[in-house]
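Biologist: I've got a structure open and I'd like to learn how to read it. Could you walk me through a few features?

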Amino acid sequence: MFEIADRLLAAVAAGSRLAVATAVSIDGSAPRTVGTSMAFDGMSVIGSIAGGCVEGAVVDTCELVLADGVTRTVEYGVSDETAYSVGLTCGGRLRIQVQLLTDDLVEALRTRREIEVCSGFTERPPVERHLIVFGAMEFSAALSTAAQVLGYRVTVCDPRPLFMTPERFPGADVIVAWPTAWFETAEVDARTVICVLSHDARFDAELVALALASPAGFVGAMGSRRTHDRRVASLRERGVAEESIARLRSPIGLDLGGSTVEETAVAILAEVIAARSGASALPLSATSGTIHRLSLLVE
């Protein structure tokens, strides 16, 4: 429910009464992951529970729950005679819990508390992930916008006030400060992503060295291969250990063949996601096994 929490709370504030359907177990292949939810208020749908599969049938169940308030559990799968007719042709088995969005659930969403969807299934609030971008550039603006779509809290730092405006970086925390000085006070943990896009010679190597010495889970830097070679040489001159230098993802981004600032942002975030998940970053057509991994937000 947390992935659509903002929309659920807005609908409740507008006076809607909602039935919420949550995928509580998946066996085999399925279009979405465990914990995915969608809601129905009798007229419109919020979210998507199966990428188009089975959703019409789930809406029917939501209507029953809205009518009598009774929680229901429904299953769809390869052995279910209705599976093909409702669109579940991917070979998996999907178990969905449908319940009213009660005052207790609304309060849990608002305060970001654990939600016990059903016996043995608890949904936890998503872990906040923080993206720190150094350098006020068009690449930075595109990266900030795209990262916020993925749920990242974004901070952009640059010492030039002319380029650091809320209008240029909507939704981001805008920090006008010398990057190395500000980073000394920044809160950084294993969920932090650091992207150095400025490659300003006045602080580039020192900043990257500080980032590599931090617990940040991802440290990347933009620049040509020549810039990368100079950066690495400068890091070695500063005594940065080889195992730390090996953490640096530079030039940053996956090779997607893009060239625009928006395409570059996608390439950077693609590498961030692959690094976080430990995925191969290969085309799915070149891999085998389960496509969607079990959500880490549920137990």
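This is a predicted model: local features need pLDDT of at least 70, side-chain atom pairs count only at pLDDT 80 or more; totals for chains, interfaces and linings use all residues.

Biologist: Fine by me. How do I read a pair of packed helices, say α1 and α4: at what angle do they pack?

Modeller: Look at the angle and the distance between the axes, then at the residues that touch. Helix α1 (residues 5–13) packs on helix α4 (residues 103–111) at about 130°, and their axes are 10 Å apart. The crossing of α1 past α4 is left-handed.

Biologist: And which residues of α1 and α4 meet?

Modeller: On the α1 side, you'll find Ala5, Leu8, Leu9 and Val12; they meet Val106, Leu109 and Arg110 of α4. By class, that contact has six nonpolar residues, no polar ones and one charged.

Biologist: Let me try another pair. How do α7 and α8 sit: what is the angle between them?

Modeller: Helix α7 (residues 204–213) and helix α8 (residues 225–237) have axes 9 Å apart and pack at about 70°. That angle makes α7 roughly perpendicular to α8. Here the crossing is right-handed. As for the contact, Asp204, Ala205, Val208, Ala209 and Leu212 of α7 meet Arg231, Ser234 and Leu235 of α8. Sort those residues by class and you get five nonpolar, one polar and two charged.

Biologist: What about α5 and α10: how do their axes cross?

Modeller: The axis of helix α5 (residues 138–149) comes within 8 Å of the α10 axis, and the two cross at roughly 55°. So α5 and α10 are oblique to each other, with a right-handed crossing. The α5 residues in the contact are Glu138, Phe139, Ala142, Leu143, Ala146 and Ala147, and they meet Val261, Glu262, Thr264, Ala265, Ile268 and Leu269 of α10. That contact has nine nonpolar residues, one polar and two charged.

Biologist: Last topic, the backbone. What should I look out for?

Modeller: Most residues other than glycine have a negative phi, and most peptide bonds are trans. You look for the exceptions.

Biologist: Which peptide bond is cis around Pro251, and where does that proline lie?

Modeller: The bond from Ser250 to Pro251 is cis, with omega near -5°. Pro251 belongs to the loop between β13 (248–249) and α10.

Biologist: And what is the phi of Arg112?

Modeller: Arg112 isn't a glycine, yet its phi is positive, about 60°. You'll find Arg112 in the loop between α4 and β6 (115–118).

Note on methods. Residues are numbered from 1 along each chain as its sequence is written. Side-chain values use heavy atoms; hydrogens and water are left out. Axes are lines fitted to C-alpha atoms, for helices over the stretch in contact, and angles run from 0 to 180 degrees between N-to-C directions. Helices (H or I, at least four residues) and strands (E, at least two) are DSSP runs, numbered from the N terminus. A crossing is left-handed if the near helix is turned anticlockwise from the far one by less than a right angle, and right-handed if clockwise. Contact means heavy atoms within 4.5 Å. Ala, Val, Leu, Ile, Met, Phe, Trp, Tyr, Cys and Pro count as nonpolar, Asp, Glu, Lys and Arg as charged, and the others, Gly among them, as polar. Angles under 35 degrees count as roughly parallel, over 145 as roughly antiparallel, 65 to 115 as roughly perpendicular and the rest as oblique.
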